[in-house]
There are 2 protein chains.
Amino acid sequence: MTPLAKMKRALPEGQDIPEPILNRMGFLLNRAAYKLRETMERALAPHGLTGKDLGILLFIREKGALPQQEIGKCMHVDRTTMVDIIDDLEKRGLVERKSHPTDRRAHAIYLTARGKEILPQALHLGKAAERKFLSLLPARDRKEIFRILKHLVLSHHLHEANKE
Amino acid sequence: MTPLAKMKRALPEGQDIPEPILNRMGFLLNRAAYKLRETMERALAPHGLTGKDLGILLFIREKGALPQQEIGKCMHVDRTTMVDIIDDLEKRGLVERKSHPTDRRAHAIYLTARGKEILPQALHLGKAAERKFLSLLPARDRKEIFRILKHLVLSHHLHEANKE
DNA sequence: TATTGTTATACTCTATAACTATA
DNA sequence: TATAGTTATAGAGTATAACAATA
């Protein structure tokens, strides 16, 4: 028996998920994302950060001080939503708005000292949550799912970038 | 060069996604789910259905007439949200509330004749959208991602079911 | 006493439109 | 004229609390 078939037999009566549902990519992606979000939220609770917050802080660290909209463009966040997110992160003392060197309309967003300090800790908690989430998979599949999802996401990203 | 590295080099200046972001499972799952939702919405527009609606109709067909909360429990939808969703599907004439054979508090949700008629068409459009979404992957990876995600989702589902 | 469906309510997330200061 | 940030506002989506009917 395959591992999948074995798992399905282990489910209590009436708790099973019908096969046609389980074969829908949308169901699988959303359910997995939801479950990871739960795990992540709990792991990052000490810092009061969401997974999305963490992604944005990481993005700023990687790309340096950028205008809000540059960050939002890559992270798929509307510019009005970015205002709220940066407001929030600024209130917590993790980032600060400074004047942009060449465009006086724009802000440049910097990590504060405190932001630089907690980011590695939060990233560590995040990675641990991710590992926990994936721990039910064999090691080989953990590598495979990263590789395939990266390929998929990058393909679509490339496809869109070339349209503009 | 790996296919991934090749793709990254093809991106216009400033449009790249930093590697540490790309290595976050949350980013990958949410970005993939978002992209598929877009594709799915467009594909199902002729029926005015979302991917989630389609999943619920499919669930009813597979499991037969069930109370609203039974559907919601499996599909991770709150019972108050289920009221709205069933209201909506009922207004469109795709499902109907009938009295439950043994529990007079509950409703049993049935597909109407029209629901049974459009469901195969909608499923077909949905599958086509899914294929389009995955078409950028090699055939082998398309199989692998299904297998791994099913394993992951079922493991977590089993894990939760056994807690209660 | 607990549970199903329902309503009313609130809260989050996100998006639209309009404003200001720049470019 | 177009764009960055902002505000106010409105719309989804979802969750909480309370209620009637029933178990």
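The legends below describe close-up views of a predicted model with chains A and B.

Residues are numbered from 1 along each chain as its sequence is written, and chains are lettered from A and ligands numbered from 1 in the order in which they are written. In this predicted model, local features need pLDDT of at least 70, side-chain atom pairs count only at pLDDT 80 or more, and totals for chains, interfaces and linings use all residues, while side-chain values use heavy atoms, with hydrogens and water left out.

**View 1. Fold of chain A.**
Chain A contains 8 helices and 2 strands; helices (H or I, at least four residues) and strands (E, at least two) are DSSP runs, numbered from the N terminus. Their order along the sequence is α-α-α-α-α-α-β-β-α-α. The radius of gyration of chain A is 20 Å, well over the 15 Å that the globule rule gives for 164 residues, so chain A is more spread out than a compact globule. That radius is taken over C-alpha atoms, and the globule rule is 2.2 Å times the number of residues to the power 0.38. The C-alpha trace of chain A spans about 65 × 40 × 30 Å along its principal axes.

Of the 164 residues in chain A, 48% are buried; buried means under 20% relative accessible area, exposed over 50%, and partly exposed in between (1.4 Å probe, protein chains only). The accessible surface of chain A is about 8,700 Å², and carbon and sulfur atoms hold 52% of that surface. Accessible areas come from the Shrake-Rupley method with a 1.4 Å probe, and for residues only the protein chains shown count as cover. Among contacts in chain A with a separation of 6 or more, 48% join residues 24 or more positions apart; contact means heavy atoms within 4.5 Å. Chain A carries 30 positive and 21 negative charges, and their mean positions are 4 Å apart. Lys and Arg count as positive and Asp and Glu as negative, with His and the chain ends not counted. Each charge is placed at NZ of Lys, CZ of Arg, CG of Asp or CD of Glu.

**View 2. The two copies.**
The same surface serves both copies, since 100% of the contact residues of chain A recur in chain B. Superposition is by least squares on the C-alpha atoms of residues with pLDDT of at least 70 in both copies.

**View 3. A:Arg31 against chain B.**
A:Arg31 sits in helix H3 (residues 25-44) of chain A. A:Arg31 counts as buried because its relative accessibility is 10%. Leaving out residues up to four places away in sequence, A:Arg31 touches B:Cys74, B:Met75, B:His76, B:Val153 and B:His157.

**View 4. A:Met40 in helix H3.**
A:Met40 also belongs to helix H3 of chain A. With a relative accessibility of 6%, A:Met40 is buried. Apart from neighbours within four places in sequence, A:Met40 is in contact with A:Gly51, A:Gly126, A:Ala129, A:Glu130 and B:Arg24. A:Met40 and A:Lys52, 12 residues apart in sequence, are 9.9 Å apart from C-alpha to C-alpha.

**View 5. His76 in both chains.**
A:His76 lies in the loop between helix H5 (68-75) and helix H6 (79-91) of chain A. The phi angle of A:His76 is near 60°, a positive value in a residue other than glycine. A:His76 is partly exposed, at a relative accessible area of 38%. In chain B, B:His76 lies in the loop between helix H5 (68-75) and helix H6 (79-91). Phi of B:His76 is near 60°, and B:His76 is partly exposed at 38% relative accessibility.

**View 6. B:His156 and B:Arg140 in helix H8.**
B:His156 is in helix H8 (residues 139-161) of chain B, and B:Arg140 is placed in helix H8 of chain B. B:His156 is buried at 11% relative accessibility, whereas B:Arg140 is exposed at 54%. Neighbours within four places in sequence aside, B:His156 contacts A:Lys35, A:Phe133 and A:Leu136. B:Arg140 touches A:Glu144 and A:Arg147, not counting residues up to four places away in sequence. B:Arg140 and B:Asn162 are 22 residues apart in sequence and 33 Å apart in space, C-alpha to C-alpha.
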